[in-house]
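The model comes first, then the terms and the values.

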Amino acid sequence: MSTTISNTSTHTGLGMAPVVPTTGALTPLGLDEVRITDGFWADRQRVNGSATLPHVEHWLEREGWLRNFDLAAAGTLPEGRRGREFADSEVYKYLEAVAWELGRLGGDDALESRFRSVVDRVAAAQEADGYVNTRFGRPGQGERWSDLEWGHELYCLGHLFQAAVARERTSPGADDGLLGIATRAADLICEVFGTDGIQSVCGHAEVEVGLAELARVTGESRYLDLASLFVERRGTGVLADIEYGRAYFQDDVPIREAEALRGHAVRANYLAAGATDIAVEHGDTGLLEALRGQWDRTIARRTYLTGGQGSHHQDEAFGEDFELPSDRAYSETCAGIASIMFSWRLLLEDRDVRYADHIERVLYNVVATSPSAAGTAFFYANTLHQRTPGESSPADEVSPRASSSERAPWFDVSCCPPNVARTLASLAAFVATSDDHGVQIHQFASATIDTTIGGAHGGRFRAELVTDYPRSGVVSLRILEAPREAVTVSIRVPSWADDARLSVAPADGADETLDVAPGYADVARVFAAGDVVELSFDMRPRVTHPDPRVDAIRGAVAIERGPEVYCVESVDLPGGDESLAHIEIDPDAGVEEAGDGRLTVALRARPDADAAWPYAERFDASHDAEPFTATIAPYHSWAERGPSTMRVWIPTTRS
């Protein structure tokens with residue numbers, strides 16, 4: 001099937017977003033239309049720009065992953081090449097992050113210079129026919145496309161395409177050459193893997209997303225057609241079987257027949273995101289319905305409370321339904337980011353609030369958890385229960401992935417740091433959308449909104465979003481300018497906000513207040529400058545119980561407040577690390593606010609009752625337990641005070 005992709009639009013700033021479908025219920029607002037100005041996410045973006053991006057560039061240089069391109073240009077590879085087979089992709093993710101950061105800032109001469117310098121090094125390594133990869137294709141290296149299961153050649157190109165898309169959308173027509181590098185490579189793989197070419201796919205999905213967005217930017221339908229071929233081929237056994245089974249790279253079942261995401265969690269979500277792009281552009285309702293069903297079951301049965309996904313360490317994969325052990329949670333940071341990509345695409349197509357709720361959960365409890373407060377160390381995996389305190393990761397050493405209970409500055413497999421960087425740099429694009437009738441607010445952050453409603457013949461809409469969420473549950477939208485016709489403002493009411501109230505305070509009239517249910521609260525009216533729409537809801541802490549089919553946490557509870565999951569950390573317990581294994585919580589005792597985002601809970605510690613055999617007719621020492629109170633903090637802030645033990649799910653006194 002061939003589809004014409006139009007990359008022209010009268011919508012202001014349409015290009016400045018990571019995902020720009022040509023059709024759908026909602027239109028994403030670009031980075032020039034939404035700017036985060038203050039609060040939780042503004043702080044994260046500032047740290048990302050000032051600390052994380054320079055940190056990533058430093059380690060790419062230090063570890064030789066950037067120099068690989070210099071060696072390729074000089075013709076001296078494979079000697080001296082460093083990093084894994086997919087190291088090139090981290091350079092491309094860095095470029096994407098910098099492109100979004102330049103768009104967020106509106107330009108920065110020093111950052112622009114660094115960006116162009118890296119692009120020049122990539123350009124010098126590209127071969128005459130468009131091929132670019134530092135791991136394959138030269139004497140002494142494997143032949144091109146000879147290891148599709150593990151070689152990651154197409155995966156790397158997918159990230160190259162996304163970097164070029166980010167650059168073109170934030171700096172249209174830039175003369176740095178990145179878009180040309182990407183299109184030459186895309187033209188090559190269209191020839192090599194097209195209908196009459198190699199009938200296979202990449203073992204790591206990603207190129208599908210990159211091709212779809214590259215098609216949207218350039219208008220070149222061949223790129224979308226190739227992405228569609230890759231999606232339809234997968235699941236038919238085109239890759240060699242491996243010890244984890246073909247499900248590892250989603251080559252066991254065609255995507256239209258799959259009932260849930262399975263196998264490697266990052267690959268599965270990237271594939272689903274790319275398939276959604278294709279289904280939307282082709283108007284393929286059958287494929288969309290299959291993807292919606294996979295999202296539903298994966299969220300309901302294969303997702304942690306934090307929104308993290310993946311419970312197997314050995315293959316970084318999903319487990320079976322309800323296989324969600326806290327202490328073996330892998331919950332890779334990149335899997336969380338990939339699940340946002342999948343969910344955002346479905347949200348743009350369907351306007352279903354559940355997708356926005358999940359995105360929020362992942363943002364606060366996976367994306368925000370990975371980087372340190374300083375932005376220079378990261379979690380690769382995100383466990384929900386740390387049994388031993390582990391050791392600090394030296395600031396100048398590469399860490400084996402997921403091996404430390406503390407964040408590490410860099411990993412042998414360092415996909416997560418640049419993935420976090422590109423997500424935070426482009427975060428404003430996930431705050432709001434528009435349609436022909438109005439504006440929709442999906443995520444809460446103090447921000448400015450400046451867009452046009454109804455296309456070229458519509459009217460300008462400017463507003464200021466003000467909130468200190470997640471510390472309070474008040475979100476105010478002050479209208480600065482609006483069309484003369486009626487406009488609908490829709491604000492997401494989170495699924496847990498069962499007492500939400502929506503008020504409209506016209507600049508020249510009486511306030512109106514009404515109760516609203518979870519979903520989208522709509523206000524349709526002719527707005528005037530000075531009007532305020534305010535959503536408020538109670539942010540009282542919640543005691544959360546698990547589905548009893550999640551065997552690993554039966555008899556335990558977790559504490560949530562707003563979008564944040566909380567955890568008990570040993571540094572806040574009188575007995576330190578050893579006491580974490582013995583605590584219980586009384587779920588009826590209540591949870592109190594302790595200020596600065598912390599909460600106070602009533603706990604008690606069971607006496608240490610070690611025995612020669614850990615099984616008996618009965619273990620019940622609760623009546624001897626000593627009660628005490630402890631403060632708990634948001635999960636995303638754990639391990640900032642040195643090595644510690646931690647748990648999200650706390651056994652109850654009833655168990």
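The model is predicted: local features need pLDDT of at least 70, side-chain atom pairs count only at pLDDT 80 or more, and totals for chains, interfaces and linings use all residues. Residues are numbered from 1 along each chain as its sequence is written, and side-chain values use heavy atoms, with hydrogens and water left out.

**Cavities**
- Ten lining residues are nonpolar, three polar and four charged (Ala, Val, Leu, Ile, Met, Phe, Trp, Tyr, Cys and Pro count as nonpolar, Asp, Glu, Lys and Arg as charged, the others, Gly among them, as polar).
- Helix 11 (333–350) is one of the helices that supply at least two lining residues each, and helix 11 gives the most, with five. Helices (H or I, at least four residues) and strands (E, at least two) are DSSP runs, numbered from the N terminus.

**Cysteines**
- There are zero disulfides, a disulfide being a pair of cysteine sulfur atoms within 2.5 Å.
- Cys415 is in no disulfide; the nearest cysteine sulfur, that of Cys334, is 3.6 Å away.
- Cys415 is buried at 9% relative accessibility (buried means under 20% relative accessible area, exposed over 50%, partly exposed in between; 1.4 Å probe, protein chains only).

**Aromatic pairs**
- The whole structure holds 24 aromatic pairs. Rings of Phe, Tyr and Trp (its six-membered ring) pair if their centres lie within 6.5 Å; planes under 30 degrees apart are stacked, over 60 edge-to-face and the rest tilted.
- Trp150 and Tyr248 form a tilted pair, 5.5 Å centre to centre with 40 degrees between the planes.
- Trp150 lies in the loop between helix 4 (109–125) and helix 5, and Tyr248 in the loop between helix 8 (221–233) and helix 9 (265–282), so the pair ties together parts that are 98 residues apart in sequence.
- Trp150 is partly exposed at 31%, whereas Tyr248 is buried at 6%.

**Charge over a ring**
- The charged end of Arg351 sits over the ring of Tyr520, 5.0 Å from its centre; the criterion is NZ of Lys or CZ of Arg within 6 Å of the ring centre and within 35 degrees of the ring normal.
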